[in-house]
Every structure is written in structure tokens, then in C-alpha cells.
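Dear colleague,

Please find below the structure that I am handing over to you, followed by a summary of what was found in it.

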Amino acid sequence: MLEALPLPLAAASLGLALLAFLLALRYWGWVLLLIGWFEYVLQPIRNVIMGSTKEQRILHHVQQHAKPGDPQSVLKAIDTYCSEKEWAMNLGDKKGEIMDTVIQEYSPSLVLELGAYCGYSAVRIGRLLPPGGHLLTMELNPDYAAITQQMLDFAGLQDKVTVLVGASQDLIPELKKKYDVDTLDMVFLDHWKDRYLPDTHLLEECGLLRKGTVLLADNVIVPGTPEFLAYVRGSSSFECTHYSSYLEYTKVVDGLEKAVYKGPGSPEQS
């Protein structure tokens with residue numbers, strides 16, 4: 001049998017746990033704790049009661065309140081639902097405006113998105129692509145991928161966006177041979193945060209980045225991507241710009257990081 005911890009050790013462990021909780025509360029704030037409570041406790045209960053997932057409810061709201069073939073009305077319907085009814089991990093309107101500015105500045109013809117979720121950012125990107133432009137969006141979760149496809153169909157962007165289902169580390173090496181990709185003009189990173197850095201390395205190793213390719217990464221502050229930021233900011237191969245903003249549908253400070261690829265072995269910045 002396992003022996004009980006000595007009282008002083010147990011008290012110390014409890015104290016450390018309480019300290020960690022208070023530090024997390026100070027760093028993340030009540031808003032994020034509430035999001036966690038709703039996401040992981042209340043939402044599963046609500047899904048059972050309503051017989052649908054949150055993502056299905058978002059899609060249904062769009063189908064009921066947006067105009068078919070009008071991407072802007074789709075974005076507005078999603079933003080309204082997620083700000084007034086159920087929080088969701090979309091890019092959101094505030095950071096979305098920053099993305100719009102970046103896309104309009106660089107006018108990318110071929111974009112890769114890592115992490116589609118419900119298709120919000122795919123719609124946002126797709127509506128701004130130039131004639132002949134195309135977006136490839138990768139989504140690990142097949143249920144989310146199906147909703148993304150329906151969202152794109154409703155927005156009238158099905159010919160501009162291709163949804164790829166699977167893990168990014170499996171799909172990225174297939175882009176050249178299977179999907180006839182030479183190099184990418186832009187990459188939007190918004191999937192698992194611990195995949196930002198490995199997938200950036202993978203994009204480099206597979207020769208998918210060219211001089212001028214723009215990486216735009218979401219949630220680099222919350223929940224944060226310190227390893228990715230350290231790499232791109234410390235590498236002579238990237239020129240970085242940070243855009244401070246807010247976590248979607250909250251007042252919690254977050255940000256986007258733009259890293260423009262300068263090519264391998266580029267000279268160090270002075």
C-alpha cells in the first residue's frame with residue numbers, strides 16, 4: 001500500500017498547487033478561466049442536452065442568418081454568435097482586420113492554412129484572394145473539416161479553397177507531389193501551438209518557402225508560442241513584425257506574429 005505523505009510535505013504540496021493556481025489566475029485572468037470552465041465543463045453538458053455540438057450550432061446560425069454566397073455576411077454571423085452566445089476559437093473580428101491588412105499588402109496567390117476549425121479564417125482569407133488564387137487549409141479533426149467545407153460552400157468559396165483532412169506533419173510533405181505545390185506565398189498558423197515550430201521547420205525542409213513567403217501566426221501570446229517566437233525572431237532567415245491585439249471575443253491581450261522568410265543562410269540583420 002502507498003503510504004500517506006507526511007503532513008508537512010502534504011501541506012507544502014498543497015501550498016505549491018495553490019501558488020500555481022494564483023499565478024495562473026494573475027497571468028491568464030478570470031476571462032480565460034471562465035472560457036475553460038465553459039469549454040470543458042458546461043459545453044459538453046450543453047451538447048448532450050441540445051443534441052448538437054457548438055460547431056454545428058455555429059454553422060446552423062450562419063445558415064439561418066447569413067446570405068448565401070456572401071462571405072462578409074458569413075463572417076459577421078459567426079462573430080455575432082461567438083460574441084453573444086458561445087465563445088469559439090475563431091480568429092475573430094479584431095485580429096481578422098489585421099489579417100486582412102496583411103493579405104491586402106502581399107496579395108498572395110497560394111496560401112496554406114494550418115488549422116481550419118469551423119472555416120472562419122478560411123472564409124476570411126478566401127474572400128480576399130486575387131483571381132486565380134487558392135487556399136489549402138489543413139484540419140486534423142474530420143468533424144471540423146466537414147463543417148469548414150459546408151461553411152465554404154455556403155459562402156460561395158468552394159472553388160477557391162481546398163480542405164485537406166489530416167495531421168499537418170503528414171500532409172505538408174505531400175504538398176509538392178500530391179497537390180502540385182511549388183512554393184507558398186503565405187502560411188497562416190492557427191493549429192496546435194506546439195506544432196508551430198516543428199511545422200515551420202518542416203516547411204523549410206520541404207522547400208515550400210521562398211524568399212518573401214509570409215508566415216502569420218495567431219495566438220502567439222495566449223496561449224502562447226514561446227519556442228516559435230524565439231526561433232523566428234532569432235533567425236536571420238526571418239524578418240518579424242508583431243501585431244498586438246486581443247484574444248477572440250475578449251479583452252485579453254493576444255497578438256499575431258508576421259515572419260517574412262528571407263531565404264536560407266541570409267545575412268544577419270545589423
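Angles under 35 degrees between axes count as roughly parallel, over 145 as roughly antiparallel, 65 to 115 as roughly perpendicular and the rest as oblique. Please note that this is a predicted model.

Helix α9 (residues 196-205) packs with helix α11 (residues 226-234) at an angle of about 40°, their axes being 8 Å apart. The two helices, α9 and α11, are therefore oblique to each other. On the α9 side, Tyr196, Leu197, Thr200, His201 and Glu204 take part, and they meet Glu227, Phe228 and Tyr231 in α11. By type, the residues of this contact between α9 and α11 comprise four nonpolar, two polar and two charged.

Helix α2 (residues 54-65) and helix α6 (residues 142-155) cross at roughly 10°, and their axes come within 10 Å. That angle makes α2 roughly parallel to α6. From α2, Glu55, Gln56, Ile58, Leu59, Val62 and Gln63 meet Tyr144, Ile147, Gln150, Met151 and Phe154 of α6. The contact of α2 with α6 involves seven nonpolar residues, three polar and one charged.

Leaving aside residues up to four places away in sequence, Val62 touches Val74, Ala77, Ile78, Met151 and Phe154.

Yours sincerely

Methods. Residues numbered from 1 in each chain as written. Predicted model: local features only at pLDDT ≥ 70, side-chain atom pairs only at ≥ 80, totals over all residues. Heavy atoms only, no water. Axes fitted to C-alpha atoms, helices over the stretch in contact; angles between N-to-C directions. Helix = DSSP H or I, 4+ residues; strand = E, 2+ residues; numbered from the N terminus. Contact = heavy atoms within 4.5 Å. Nonpolar A, V, L, I, M, F, W, Y, C, P; charged D, E, K, R; others polar.
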